[in-house]
Amino acid sequence: MTEDDAGPRVSFHSRRRGTLGVIATGTAASGPVLNGLRAAAREHGYVLVVFGVPGRGRAAVPAAVAGLLLQGVSGIVVLDQRLVAELPAVDGVPLVPAASADQYEGARRATEHLLDLGHPTVWHLGGPEDGLIARARERGWRETLEHHGAEVPPVVRGDWSARSGYRAGQFLAAEPGVGAVFSANDHMALGLLSAFTEAGMRVPRDAHVVGFDDVPEAAYFAPPLTTVRQDFVAAGRQTVAELVARIDGVPAPRRPVEVELVVRESSRCLRAG
């Protein structure tokens, strides 16, 4: 491996046509995005080889690329877009970030939905501050409130886990006037619902909650969770189609994957007066 002004480069001499590599961090290594990629890869006659890295780091990402190249992959997908800047240039093997849903639009629809229920404002349980997806969802929430002239409450931040959502819910349950919460993902919303229940707040009687992702369990939360659905299979198809096109030397335009607001019991009824 050598390094120049464009960053490190990796030479590559033999490829295995039926194999694509994936670099993943944390829970992404076994999550729905990866499942969508697997389904899409099968449609194109490819199998996936996943290389998990513990987090960001100058050495970790080039090592992951080198490990995948040793396995003869034809192209590489990066699930965590924060890692894209740390990717080395590779001779003959395209590297692309995974396609993503329109995070901003999903957050806008979630916030609009809660405002349409008559709430003067919407609180936000946000993801990690340095996350691109968390920032896009937060921006959609914030700019929607600003567009309607609504007060913008301070962001209550979690780490995507149900545990962090529970802690945030304890704080919000003690905050006067919290009637609507948009959670940046469903797992944090699950913890939030648990904390609200413990505090004697009934959803949707006393507050409305909307999540994001529509994980398979969301329909079975107590109450069933209104959430923004991402089509992970469509995202996988778009990612793999782009990567295969680049392998074949064909340009492939990218567009955000559409989202859908799925309304369930957590926001179905008006609050008690």
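This is a predicted model: local features need pLDDT of at least 70, side-chain atom pairs count only at pLDDT 80 or more; totals for chains, interfaces and linings use all residues.
Local features here need pLDDT of at least 70 and side-chain atom pairs count only at pLDDT 80 or more, while totals for chains, interfaces and linings use all residues. Residues are numbered from 1 along each chain as its sequence is written, and side-chain values use heavy atoms, with hydrogens and water left out.

**View 1. Helix H6 and what it packs against.** H6 covers residues 186–198; helices (H or I, at least four residues) and strands (E, at least two) are DSSP runs, numbered from the N terminus. Its buried residues (under 20% relative accessible area, 1.4 Å probe, protein chains only) include Met-188, Leu-192, Leu-193 and Phe-196. Their packing partners are helix H5 (162–173) and strands E8 (123–126), E10 (180–183), E11 (208–213) and E12 (226–230). After H6 comes Gly-200, with a positive phi near 85 degrees.

**View 2. Helices H3 and H4 crossing.** The axes of H3 (residues 103–116) and H4 (residues 132–147) come within 7 Å and cross at roughly 40 degrees. Axes are lines fitted to C-alpha atoms, for helices over the stretch in contact, and angles run from 0 to 180 degrees between N-to-C directions. Look for Tyr-104, Arg-108 and Leu-115 of H3, and Ile-133, Trp-141 and Leu-145 of H4, among the residues making the contact (heavy atoms within 4.5 Å).

**View 3. Ala-219 in its loop.** You'll find Ala-219 between E11 and E12. Ala-219 touches Pro-224 and Arg-264, leaving aside residues up to four places away in sequence. Val-262 is 43 residues from Ala-219 in sequence, and the two sit 9.7 Å apart in space, C-alpha to C-alpha.

Technical notes:
The expected span of a helix is 1.5 Å times one less than its number of residues. Buried means under 20% relative accessible area, exposed over 50%, partly exposed in between (1.4 Å probe, protein chains only).
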